[in-house]
Amino acid sequence: MSPSSSSPDLYQHVRVVISIIVGLCITTLLSGFARFVQHPKRDKVSILHLGWAASLLLSIIHFWWWEFRLVLVQQWTFAIYFFVILYAILYYSLCTLLFPSDLRDYSGYEEYFLSRRRWFFGILAATYVADVIDTELKGSAYLHSFGVEYPIRVVAGLALCTVAILIRNRRIQLALLAMSLVYQVSFIVRLYNTE
């Protein structure tokens, strides 16, 4: 096979690999949610932690749908393929951060989440940067089709991550979660609710 190709088979190959990673993400999150049902008294539940887990689940579902547009990539190279896989791995990293194998060193999920917020929001910020590159890969026409909202969305997301990294305060963290979830739902509904 040549170093670069526009073959539809290559696009299908990329989709399969992304599907595997997305499947691992969803499995990790659903397994984490199931722990609360299986062992409701074992670890202290947190609305902050659950909210970000729900937000991440929605983000991953949206990511999978968003990546369908990779069909627009005209010329595939190993570098593009590698980048797209790394982008998906960022989401998997976020999932594993939210649901660690044990919480013995913490009083509950909230304490754990707040202690790992720099990692979580640092990786979340990296997804915003990766999203810009990923969207550009699909063509400048596709990138510009989102208008001015897209760059504002990216900058606001990066600002949210920065504030969340710097400030541990629970109320501020909950406010950031609420803003993120409301905007995320609004963006998806407006983007895909077309006739």
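Which residues does His49 touch, not counting residues up to four places away in sequence?

Modeller: Happy to. A quick word on the ground rules: this is a predicted model, where local features need pLDDT of at least 70, side-chain atom pairs count only at pLDDT 80 or more, and totals for chains, interfaces and linings use all residues. Residues are numbered from 1 along each chain as its sequence is written, and side-chain values use heavy atoms, with hydrogens and water left out.

Now to your residue. His49 touches Phe36, Leu98, Phe99 and Tyr109, leaving aside residues up to four places away in sequence; contact here means heavy atoms within 4.5 Å. His49 is found in helix 2, where helices are DSSP runs (H or I, at least four residues) numbered from the N terminus. With a relative accessible area of 0%, His49 is buried; that word means under 20% relative accessible area, using a 1.4 Å probe and protein chains only.

Phe36 lies in helix 1 (residues 8–38) and counts as buried at 15% relative accessibility. Rings of Phe, Tyr and Trp (its six-membered ring) pair if their centres lie within 6.5 Å; planes under 30 degrees apart count as stacked, over 60 as edge-to-face and the rest as tilted.

By this rule the count comes to 23 aromatic pairs. In one of them, the ring centres of Phe63 and Tyr87 are 4.8 Å apart with the planes at 80°, so the pair is edge-to-face. Because Phe63 lies in helix 2 (residues 47–66) and Tyr87 in helix 3 (residues 78–98), this pair ties together parts that are 24 residues apart in sequence. Both Phe63 and Tyr87 are buried.

Trp66 and Tyr150 form a stacked pair, 6.4 Å centre to centre with 15° between the planes. Trp66 is in helix 2 and Tyr150 in helix 7 (residues 149–166), so to speak a link between distant parts of the chain, 84 residues apart. Trp66 counts as buried at 3% relative accessibility, and Tyr150 is buried with a relative accessible area of 3%.

Key: Helix = DSSP H or I, 4+ residues; strand = E, 2+ residues; numbered from the N terminus. Buried < 20%, exposed > 50% of the residue type's maximum accessible area, 1.4 Å probe, protein only.
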